[in-house]
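Please read the following report alongside the sequence and the coordinates of the model.

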Amino acid sequence: PERGGLAFLGGELIEVDHSPGDTAFALTSTALVLMMTIPGLALFYGGMARAPNVLNTVMQSFVITCEVTVLWIAMGYSLAFGKGHNPFIGGSERFWLLGDVNNGGHVMTPNTSSEIVPAISEACFLIYQCTFAIITCALICGSSAERMKFPAVIVFVFFWHLLVYCPIAHWEWHEEGFLHKAGTLDFAGGDVVHISSGVAGLVASIMVGRRKGFLEGELPPHNVLLTFMGASLLWVGWFGFNAGSAVAANGQAAWALLTTHLSASVSGFTWMCVEWYYKKKPSVLGIVSGAVMGLVMITPGAGYVDQTGAFFTGLIGGVLGYFSIQLKHRLGFDDALDAFGVHGIGGIVGGLLTGLFANPEIGGAAGAFYGNPMQFPLQIYGIVVVIAWSGVLSAIILKCIDLTIGLRVTEEEEDQGLDFSIHGERIPGVDGGGEVFAYPQAPIKVITVGNAPAANQSYAGFTQVAPSPT
């Protein structure tokens with residue numbers, strides 16, 4: 001693309017070699033991916049949580065956004081995308097963006113070009129990749145929701161980001177990374193984001209333990225409308241996630257957006273049909289979960305597969321996702337908000353399908369269906385490496401936390417609800433705090449002024465009742 005632009009440096013207007021179009025596209029994609037976590041994922045998870053734990057659930061997404069941003073600028077970006085001159089981890093030349101002159105670094109300024117994507121500034125590339133690091137850590141919390149200590153979450157994210165996410169990002173997305181050199185394909189984060197977080201979530205769900213009442217039956221979401229709103233924001237934000245991974249306003253970005261939208265649409269519709277067949281009713285929660293499954297599965301191949309590959313990715317995702325989230329009930333692990341069932345399994349199968357459907361006319365890489373049968377075992381190799389690293393390191397980090405500050409809240413705190421027991425807050429109408437008009441699955445807190453109806457009498461089709469302690 002044609003490059004060139006103007007920028008201020010030392011009070012003077014100078015010409016820099018950046019593409020205004022690519023920069024604008026990358027900045028827009030950055031905003032979209034950040035929106036995926038706050039408020040997208042926060043609402044998606046918050047709606048599926050039980051009412052006394054909603055604020056704790058959304059709080060985790062928000063605090064992780066703050067924490068990982070600081071970690072990324074301080075060390076994470078350099079560990080993932082610094083030179084390092086080795087296939088396993090980046091170097092120190094970008095710690096706190098100051099530059100380590102002894103290791104080939106230099107102070108980052110607004111005009112510093114990214115060595116990985118020269119058409120945009122390094123600051124633009126850094127902050128775009130920061131949003132990926134944020135949502136990866138936030139996804140993990142879906143598996144251990146409603147029973148993990150808040151300080152334990154913060155400590156876990158600190159070590160997991162630096163020891164798990166940053167190395168995997170270097171392996172897959174840096175030209176020196178050993179998985180990148182081996183030829184594994186991961187366009188936008190099937191391995192780096194979804195498999196790593198899904199496996200970590202599975203480990204956390206097992207080590208933290210099940211929620212009370214998990215084995216006694218379903219623990220339904222408290223507000224499907226919030227989940228619907230969150231899923232809708234995730235869908236739109238995913239265009240920045242997948243199309244933005246082209247890091248250029250070009251045809252590959254447009255194609256990645258097309259395949260992303262197609263896969264999500266097919267998967268959502270397919271999940272709805274499967275659920276309709278088995279449960280005789282199509283649910284809102286089902287169709288939005290299906291769409292998210294399709295988005296996850298197309299992530300590694302969005303810039304590599306054609307429309308046919310995207311269609312079958314979504315079709316398989318809709319069927320697979322419906323059954324994969326039921327594994328927790330069959331095997332007895334409490335993946336509370338299906339982080340592993342959707343992101344872990346979806347990332348694995350999506351990566352395998354990329355090894356089959358990658359079309360050289362789309363992204364330059366060929367899969368098994370296009371004359372390169374070795375691409376499929378390469379995908380398996382990358383997936384196994386990421387599963388092993390994330391699983392083992394996550395278990396070690398969680399065990400160390402359990403031996404020090406502990407992982408799980410007390411039984412009393414869990415009974416009381418984490419919103420109040422940890423944060424000292426409640427959503428109005430939940431667990432006491434005033435009169436409540438009872439309505440199935442939708443308590444409404446009512447403040448009456450003047451002539452109020454007598455307690456326990458019918459009023460406008462509702463029944464006024466005293467708040468329940470549970």
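Which residues does Tyr165 touch, not counting residues up to four places away in sequence? In this predicted model, local features need pLDDT of at least 70 and side-chain atom pairs count only at pLDDT 80 or more, whereas totals for chains, interfaces and linings use all residues. Residues are numbered from 1 along each chain as its sequence is written, and side-chain values use heavy atoms, with hydrogens and water left out.

With contact taken as heavy atoms within 4.5 Å, Tyr165 touches Trp72, Gln129, Phe132, Ala133, Thr136, Trp160, Trp173 and Val192. Tyr165 is also, with Trp72, Trp160 and Phe241, among the residues with the most contacts inside the largest nonpolar core, which has 106 residues. Such a core is a set of buried Ala, Val, Leu, Ile, Met, Phe, Trp, Tyr and Cys residues joined through side-chain atoms within 4.5 Å, where buried means under 20% relative accessible area with a 1.4 Å probe, protein chains only. Its largest share, 14 residues, comes from helix H4, helices being DSSP runs (H or I) of at least four residues, numbered from the N terminus.

| Helix | Residues | Feature |
|---|---|---|
| H12 | 339-357 | 25 Å from first C-alpha to last |

Because 17 of its 19 residues are buried, H12 is largely enclosed by the rest of the structure. Of the 470 residues of the protein, 52% count as buried.

Methods
Buried means under 20% relative accessible area, exposed over 50%, partly exposed in between (1.4 Å probe, protein chains only). Helices (H or I, at least four residues) and strands (E, at least two) are DSSP runs, numbered from the N terminus. The expected span of a helix is 1.5 Å times one less than its number of residues.
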